Amino acid sequence: MKDTVIYDYDEFEKVMKEIIKKSISNTYPIIEIDNNWRTECNLPIKHYSIGIGMNHIVFLAAFHGAEIISTEFLIYVMNYIAENEKEFLEVLKDYTLDFIPMVNPEGYIITTSTIRTLIPRNMSATDIEKICNKYRLLYKEDDEEAIKSEITDNIKLKHYQSMFKHATYHDIPDKYKKIKKKIKKLYQRYKIPHGAIVAWCANANGVDLNANTKYNRNLTRIEQGEEIYMSLRYSNIRFSEPGPINCPYDKDKGFLQEKETIFISEFLEKLYNSNKLSAIFNYHSAGGLIDQRPSELEDDLKDRNINLKHKSLNNYMFAKFYQSATYKNLNNKDEKYVILKDSSIIRTLNGLYRVLYPLDMLVELSELGGNPIGPYSNTENYKTIMKSNLEAIKKSISYLKLSNKISDTIYYYIKENNILLNGDEFINKGYELIDEIYERIEEYIQRGECEERIISNIKKILSNG
Ligand SMILES: [Zn+2]
């Protein structure tokens, strides 16, 4: 494996073959599962599985094609497991780990083909850093200009886009001719700013897979013919029509679920219905934070018997375990990823998954921002992201059952003692209690206390106020 990497699609396929080969003589080798998941342009959505457990933990990345660091992170995790299987033997007996490192291969190909116009495969690490840092700074400058100016500029080319202003669909290799043809059509029909192709989050239909849910509030606005633009550094991109980012559907066709989102949703639903889904980790690129709070319930989901309060506490507790192993700086491990706590309505597909399924976390990997190449502007930072999030996965998975037991205990305690609390108050009270006792939990774990003891200790703390 390379040190810092920007894998294009071919390299991704190649490195995955190597990792699979490396794992062949392991107790639990990595298996590529052929689900026959194919995009409209006939690209496979790859699915790898490790372990033999009844319960599944699903890892997703690159819903947004431009968020290539998320794919690389899952490659890194699979490679680590292949090389250090011993550390995972218990986990792999208990769980099956499902890796879907590139939910959106079309977007990934569009983005990486554009990156290759400035960053060829054999470029030195220092040169890659330089280009990516320039890009990241321009991206920031665009944000700052947008914040300062009084009117939103929907026309002017952004500085970071100008770095790639000569790139278009021409740069997509001919072997992906279906993708190329589709993007050409989008260029001819819609207003797509020069260089915007470098951060192509959508698929080749110009539909953003994470926005592609009927609960997305922008659907009505788009149906009514409103022209909607993105904000800040994306403010010259219109997302009410197909394009690089955030468009939930193609209004010429009416609302449709894209193939990619159908496959992933059906997979999760099937696991859930057979009681085999334990957790979902969904990786995105920019922010250095953890999004975890399940959204408010929509009316048509009420017959699924979702207990939002209970689910919210389970999710938050799990996120705390994850967070505790994260760090943003290798030399100072105290600075953790931030956990978002605010309540929200369902806006995205992941937001929907979080309401429907058990434990679900969305992790925004890089604080540096600047999709797609900003996260590569500092090699140390890149390595820290990989290491610390791997640690966080290891820790949260090994305490998954304990995490649920603790949050169940807290849920029933609040339920019995605070009958009058409404939904939000209940959840916030739960968050407060979890924050208060988390350090104690760590102490018990470090002392090597068994689960039963830990739970009985927590009950004592709760009843003593
Ligand atoms: Zn994203």
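**View 1. Ile 31 and its partner in strand 2.** In this predicted model, Ile 31 has Ser 49 of strand 2 as its bridge partner. The pair belongs to the antiparallel arrangement of strand 1 (residues 31-33) and strand 2 (residues 47-50), which are joined by three bridges.

**View 2. Ser 49 and strand 4.** Ser 49, the bridge partner of Ile 31, also stands opposite Asp 98 in strand 4. Strand 2 and strand 4 (residues 95-100) run antiparallel, and three bridges join them.

**View 3. The packing of helix 10 against helix 13.** Helix 10 contributes Lys 309, His 310, Leu 313, Asn 314, Met 317, Phe 318 and Phe 321 to the contact, while helix 13 contributes Leu 400, Ser 403, Asn 404, Ile 406, Ser 407, Ile 410 and Tyr 411. Sorted by class, the residues of this contact comprise eight nonpolar, five polar and one charged.

**View 4. The packing of helix 14 against helix 15.** The axes of helix 14 (residues 423-446) and helix 15 (residues 451-463) lie 11 Å apart, and the helices pack at an angle of about 150°, so that they are roughly antiparallel to each other. Helix 14 passes helix 15 in a crossing that is right-handed. On the side of helix 14 the contact is made by Ile 437, Arg 440, Ile 441 and Tyr 444, and on the side of helix 15 by Ile 454, Asn 457, Ile 458 and Ile 461. The classes represented in the contact of these two helices are six nonpolar, one polar and one charged residues.

**View 5. The contact between domain 1 and domain 2.** The domain assignment of the protein chain gives domain 1 as residues 1-398 and domain 2 as residues 404-463, and the C-alpha centres of these two domains lie 32 Å apart. Where the domains meet, twelve residues of domain 1 are in contact with 14 residues of domain 2. The side of domain 1 that touches domain 2 consists, by class, of four nonpolar, five polar and three charged residues.

Note on methods:
Residues numbered from 1 in each chain as written. Predicted model: local features only at pLDDT ≥ 70, side-chain atom pairs only at ≥ 80, totals over all residues. Pairing = 2+ DSSP bridges. Helix = DSSP H or I, 4+ residues; strand = E, 2+ residues; numbered from the N terminus. Axes fitted to C-alpha atoms, helices over the stretch in contact; angles between N-to-C directions. Parallel < 35°, antiparallel > 145°, perpendicular 65-115°, else oblique. Left-handed = near helix turned anticlockwise from the far one by under 90°. Contact = placed C-beta atoms within 7 Å. Nonpolar A, V, L, I, M, F, W, Y, C, P; charged D, E, K, R; others polar. Domains from an automatic or database assignment.
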